[in-house]
Amino acid sequence: MSEFFETSVFFGVFLSILSYGIGVMLKKKWKLAVFNPLLIAVVIVILFLTVSNIDCSVYQEGAKSISFLLTPATICLAVPLYEQMELLKKNYKAVLIGIFSGVLTSLASILLLAFLFELDHASYVTLLPKSITTAIGMGVSEELGGYVSITVAVIIVTGVMGNMFAETICRIFKIHDPIAIGIAIGTSSHAIGTAKAMELGEVEGAMSSLSIVVSGILTVIGASLFAQFIV
Amino acid sequence: MRFLRQFGIILLISFIGEILYVLLPFPIPASIYGIIILFLCLETGLVSVASVKETSDFLIEIMPIMFVPAAVGLMDSWQTIKSDLVPYAVITVITTCVVMIVSGRVVQLGIRFGMRRDKHE
């Protein structure tokens with residue numbers, strides 16, 4: 001059985017899409033944040049691989065063909081951003097200050113908590129790029145001497161959390177403006193959160209896309225400064 | 001031909017992004033260079049929205065699925081994280097929420113207090 005899956009070209013991709021589809025169905029039925037399609041998809045795939053005793057790398061090998069599209073898809077985020085350019089120009093000050101304060105909050109709160117948990121330098125810089133897109137985050141972590149594989153894990157968990165709880169958090173903290181919602185999601189939970197922002201609306205999606213770029217670049221600069229606070 | 005052309009443009013920009021990533025000394029990935037390039041192309045009119053629209057809508061719609069393999073890959077890094085799970089988990093949960101709340105509230109306040117360009121000019 002496992003041999004067939006190992007040679008199958010479409011198994012990994014199909015399993016991912018099927019699991020995500022089940023997640024979407026569950027979410028439609030019960031509108032709880034826990035029934036997040038992305039989270040459900042990940043859980044189903046992991047359960048399936050564990051139960052059927054298929055090695056994770058077999059699945060990854062096939063699923064590569066979807067991951068291949070990640071760069072082109074991210075680039076396409078420029079389209080909604082361009083379409084919302086008028087709105088952005090009108091509000092650029094609020095937007096830029098918002099992203100800047102988000103990045104600063106991220107770095108400062110990680111520093112504070114790292115102090116409380118008495119983390120060493122390596123663990124601390126591993127966490128610093130946690131709110132930015134994976135590819136940038138990996139580079140930052142590596143350069144500052146962090147554990148890159150843990151950085152990737154933390155970034156993904158951050159994204160999935162943002163994707164799951166964005167609606168709830170924005171409701172509780174009375175963030176109603178679509179521009180503010182978009183910036184909040186993109187600055188805290190990068191591209192995985194942006195996938196959620198895209199579902200919420202065009203403005204939310206465009207602003208979230210912008211936040212990925214701006215917060216990513218600000219974090220590259222900010223993290224190298226903050227890295228010096230815990231030696 | 002329309003989809004082929006659209007996909008071609010998007011892949012060309014991805015490729016240029018890759019080249020910039022290799023040439024320039026910053027830890028900025030091809031995708032970020034790509035967003036900036038496509039945005040500039042749209043702004044300058046070098047590429048029209050119509051010439052990428054359907055393919056870009058499609059790619060953005062299926063984007064969530066592209067994160068599934070990476071998240072499933074957490075199975076493998078579990079062993080390394082297990083020993084320090086508590087600090088990593090606590091820090092991740094708290095900071096994600098705090099950043100979302102702060103950036104969202106700041107933008108909303110900024111908009112409310114008239115940080116719009118049309119009111120200043």
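Predicted model: local features only at pLDDT ≥ 70, side-chain atom pairs only at ≥ 80, totals over all residues.
Let's begin with chain A. How does the radius of gyration of chain A sit beside that of a compact globule? For 231 residues, a compact globule would come out near 17 Å, and chain A has 19 Å, which agrees. The C-alpha trace of this chain spans about 55 × 45 × 30 Å along its principal axes.

What about the inside and the outside? In chain A, 58% of the 231 residues count as buried. Its accessible surface is about 9900 Å², and 70% of that belongs to carbon and sulfur atoms. As for contacts between residues at least 6 apart in sequence, 67% of them in chain A join residues at least 24 apart.

Now please turn to a pair of helices in chain A. Two packed helices are described by the angle between their axes and the distance between the axes. Here the pair is α10, residues 134–144, and α13, residues 202–226; their axes come within 10 Å and cross at roughly 10 degrees. An angle under 35 degrees counts as roughly parallel, and α10(A) and α13(A) are therefore roughly parallel to each other. Which residues make the contact? From α10(A) we have A:Ile136, A:Val140 and A:Leu144, and from α13(A) we have A:Gly216, A:Val220, A:Ala223 and A:Ser224. Sorted by kind, the residues of this contact are 5 nonpolar and 2 polar, with no charged ones.

Next, a look at backbone angles. Most residues other than glycine have a negative phi. A:Lys174 has a positive value, near 50 degrees, and A:His190 also has a positive one, near 40 degrees. Where do we find them? A:Lys174 sits in the loop between α11 (148–172) and α12 (178–200) of chain A, while A:His190 lies in helix α12 itself. Are they buried or exposed? A:Lys174 counts as exposed, because its relative accessibility is 54% and the cut-off for exposed is over 50%. A:His190 is buried, with a relative accessible area of 1%.

On to chain B. Its secondary structure comes to 8 helices and 0 strands, and its pattern along the sequence is α-α-α-α-α-α-α-α. A compact globule of 121 residues would have a radius of gyration near 14 Å, but chain B has 20 Å. Its C-alpha trace spans about 50 × 45 × 30 Å along the principal axes.

Of the 121 residues in chain B, 45% count as buried. The chain exposes about 6500 Å², with carbon and sulfur atoms supplying 69% of it. Among its contacts between residues at least 6 apart in sequence, 48% join residues at least 24 apart.

Let me finish with one residue of chain B, B:Thr92. You will find B:Thr92 in helix α7, residues 85–112. Its relative accessible area is 4%, so B:Thr92 is buried. What is B:Thr92 in contact with, leaving aside its neighbours within four places in sequence? The answer is A:Leu127, A:Lys130, A:Val154, A:Val157, A:Thr158 and A:Met161. Back within its own chain, B:Thr92 is 17 residues from B:Met75 in sequence and 18 Å from it in space, C-alpha to C-alpha.

How values were computed. Residues numbered from 1 in each chain as written. Chains lettered and ligands numbered in written order. Heavy atoms only, no water. Axes fitted to C-alpha atoms, helices over the stretch in contact; angles between N-to-C directions. Helix = DSSP H or I, 4+ residues; strand = E, 2+ residues; numbered from the N terminus. Parallel < 35°, antiparallel > 145°, perpendicular 65-115°, else oblique. Contact = heavy atoms within 4.5 Å. Nonpolar A, V, L, I, M, F, W, Y, C, P; charged D, E, K, R; others polar. Rg over C-alpha atoms; globule rule 2.2 N^0.38 Å. Buried < 20%, exposed > 50% of the residue type's maximum accessible area, 1.4 Å probe, protein only. Areas by Shrake-Rupley, 256 points an atom, 1.4 Å probe, with all protein chains shown as cover.
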